Amino acid sequence: MLRALLYLRITSARNQFVAFIKRLKEPKYLLGAAAAIVYLYYAVFKTVNGHLDDIQSSPLGRHVGVIPVTFSRDQFVGVAACILFVLIFFKTAWLLISPPAQPGLKFSEAEIAFLFSAPLTRKRLIHFNLLSTQFKILFSSLLLTLLFGNAGAGFSANIFKALGWWILLSSFSLYTIGSGLFIARKLQRSVKPMLYRIFAGLLLLLLMKHLVSAYLKLSSVTPTFIDPISGALFQTNLLLKAADTQFILAPFKILVAPYFSAQWVTFSSAFALALGVLTVLYIWILTQEVSFEEGSLALAQKRTEVRAAIASGKAPINASVKEKVFKDPFRLLGQGSTEVAFLWKNLISIQSWFNLRVIMILLGPTVFIVLSEYHSVGTPQDVMRMITIISTSLASITLFVGPQLLRQDLRSDLIYMDMLKTYPMKGWQIVLGEIATPVVVMSAVLFMSLIMFVISMHTHWHSIYTASSPILAGILVIPPICTLELLIPNAAVLIFPGLALSANNRRGGIEVMGQRLIFVFGQMLAVLIALLPAGIFGFAVFISAQWWASLIFFDGAAKIIGVLFGAGSLLALMVGEIAFALWWLGRRFEKFDLSKELPQGNS
Amino acid sequence: MIEVSNLIKQYGSHTAVNRLTLSVKPGEVLGLVGPNGAGKTTTLRCLAGIIPFTSGQVTIADVDLVTDPVAAKRALAFFPDEPRLFDYLTVRQHMTFTARIYGVVNAEPLIISLLQELEILDKADKLPGQLSRGMKQKLVIACGLLHSPKVMFFDEPLTGLDPLGIRKMKDSIMRRAQAGATVILSSHLLHLLEEVCTNVLILKKGQKIADGTLAEVSARYSAGESNVSLEEIFMRATGGVED
Ligand SMILES: Nc1ncnc2c1ncn2[C@@H]1O[C@H](COP(=O)(O)OP(=O)(O)OP(=O)(O)O)[C@@H](O)[C@H]1O
Ligand SMILES: [Mg+2]
């Protein structure tokens, strides 16, 4: 039976590949593929002649800036273990916040339709699922190695990197599956699931608080570094040496060790150890599964439900998952500009994962930790410093991955293209309406973090004028920057709908990290190209306007005037770019032939 | 009113609709029939502006679909065979959204009365995932009727409806045609088409092989007999008979 599943997996993969190659016949896809290859080539081979070695010369190293050579491999292992820990931590927290409705693995709708009604044991289904993720993980490991690897480091070093990525991605994915099953099963069996969730959440919170306070206590003994990265590295390593954290982080260190190995000897032992951890995770999943199947009738019932759903032509996934109704974000009148209707609609759908409850749950612990640290560590500067860190990281996460997370635009509506096409609207109106929601959400988050930042840095502003100028600039430039950022993935949808659709289908997690990262980098590059000239111009205007104004007004007012003119001209340029992009994308939308671009679902 | 002349739609090298010419006046209901793959869905999707056609001319309510698509689309409604709904919008929210898209004046009472007419008012605050297929279809119809379209295209409108639903659907289509709407519908349920349609058009491999009023078409294929059913005509027209 596993054979049949393997056959299904392999034939699908092969057909996907064939479809991809066929698409290359179209010039734009060929061009896109060529660009991707050039990009990868650049990322890989550009470093061959590099003089810095290993991490420093990889693309990531260049982004981060020069890392002092004094940091050893061990220390990188430590930092990476911390990062992995934080990722796992948040994954677990997220599972508690929004636990999966059914204990389970993710299957596509077709897989559910075909496999769930087939006489297969749950164990087989798990193996099938693990097999599917392995395909993606292998591909992603390869891509990540290409992206972050270094051809100059030699063949074996890159093998270590690739296998290291494979370990990292596999462990994360196995953990996600295992903990998903575990939590869902616990919640199903417990009488008071809410209580259970709150209790588990509190435990996580205490753990986090403990780590943060340990970290903060270290800051008093840390020498001041010029660049924050070195400071963070140093502190993290001190933290790792503390006895209790060493205990918590041990498994994570094992998992990241292969990635940082330099010789075959160290690599093989590290790899063997890491494989051990993977095996433990695998057994954890299997044992849970088996007992789950023996212990409950729920599964069989679910299957009959699924079968009934299929028989009545209903999509089984919809039937089980989507049942929470979200309120209107505002009152939508029958008349007015039609773009607003899209904002309204997408604000409803985005609540499926981004709602007030989630924000409270995410912010609550942060506020709690900050406040409690305020009492234990003491100085107000520490609190302010933490707010600075939180606000800058919030802003950078939003700027860099926000457009990938907030997908309630053409990317999620691509499947409704035939409906959109019948609406009596111009193409640009639809594009504008569709991107409005992520733009609004992103701008709001960015603006909030800007205000937090300004407040936390209050000692640095000498007057109300200097303090208000960044806010003023923010009001003017944040929305157009977000618009530009979001226009790019939406343009990609209209230009490469086939790829975008398959990217939507694999709404996998960590498995598709390689592809996601390529998207993020590509997007950043495009935004940079759009933003750089306008930014330089805006800055020049700011400097000169401030200078002129300082001849007439006092300094503070001159600054505000400078900001107004500088940000204003930046705004004007960006609005021009946005208008052009909208016009062009609108035309593409109107000419969009979905019978050619998209595989037709039915008839 | 719908005017189509020499409509051609090619998928790559495959011609799905070949030089189709037709004209439907207000009050008329044209039934599009033909075997699977004849090009019915393709024709309807071209006429509704969903997919661009290769060549030909289409006029919807006196507006050219190519030169002024927005005005043409404001006058039409397309009802797909497979109901497609937004996952996170309730029935009522679907209606509110559609009302804004078409700029419907004083939409609220209209929404209530339409939902009532289609008997899904009690599901107004449910998500599509909680509706049966027939109910989803009713919601799509309610959305489409909200802006009182002058021209309506139905692709297989009767599949998935219960007998009562079919009855009501037919009445509803006929009533709207009598009120001056222009309708094209495709269906495989021939005996039902006989009741609803004023005209029929038989397609085969993208080509029109017969059209006219029911009486005209049956006269053509009846070879003297009287009272030939549309089913019989369909068999003769799409089967061995070459044209
Ligand atoms: N997106 C597409 N790309 C290529 N060919 C297509 C596409 N959609 C339809 N076709 C082809 O066009 C022809 C007409 O298809 P169409 O869906 O219009 O038929 P139909 O009359 O609606 O059939 P049915 O009764 O099964 O609904 C078929 O041969 C089909 O294979
Ligand atoms: Mg069809």
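## Where chain B meets chain A

In this predicted model, the contact draws on 41 residues of chain B and 46 residues of chain A. On the chain B side, B:R84, B:Y88 and B:R100 stand out: they supply 22% of the area that chain B buries against chain A, more than any other three residues.

What about the polar side of things? The rule finds 10 residue pairs in polar contact across the interface of chain B and chain A, both partners being at pLDDT 80 or more. Several elements of chain B give two or more residues to the side that touches chain A, and they are β1 (2-11), α1 (40-47), α2 (69-75), α3 (91-101) and α5 (133-145). Of these, α3(B) gives the most, with six residues. By residue type, that side of chain B splits into 19 nonpolar, eight polar and 14 charged.

Charged pairs turn up too: there are four salt bridges between chain B and chain A. One of them links A:D593 to B:K9, with the closest N and O atoms 3.2 Å apart.

Chain A also has a nonpolar surface patch of about 970 Å², made by A:I464, A:Y465, A:W547, A:W548, A:L551, A:I552, A:F553 and A:F554.

Which helix gives the most to the nonpolar patch? That's α22(A), with four residues. As for A:F553, it sits in the loop between α22 and α23 (555-591) of chain A.

How values were computed. Residues numbered from 1 in each chain as written. Chains lettered and ligands numbered in written order. Predicted model: local features only at pLDDT ≥ 70, side-chain atom pairs only at ≥ 80, totals over all residues. Heavy atoms only, no water. Contact = heavy atoms within 4.5 Å. Buried area = accessible area lost by both parts, 1.4 Å probe. Salt bridge = Lys/Arg side-chain N within 4 Å of Asp/Glu carboxyl O. Polar contact = N/O pair within 3.5 Å; in protein donor to acceptor, adjacent residues only side chain to side chain. Nonpolar A, V, L, I, M, F, W, Y, C, P; charged D, E, K, R; others polar. Patch = residues over 30% accessible without salt bridge, like charges linked within 9 Å, V, L, I, M, F, W, Y side chains within 5 Å. Areas by Shrake-Rupley, 256 points an atom, 1.4 Å probe, with all protein chains shown as cover.
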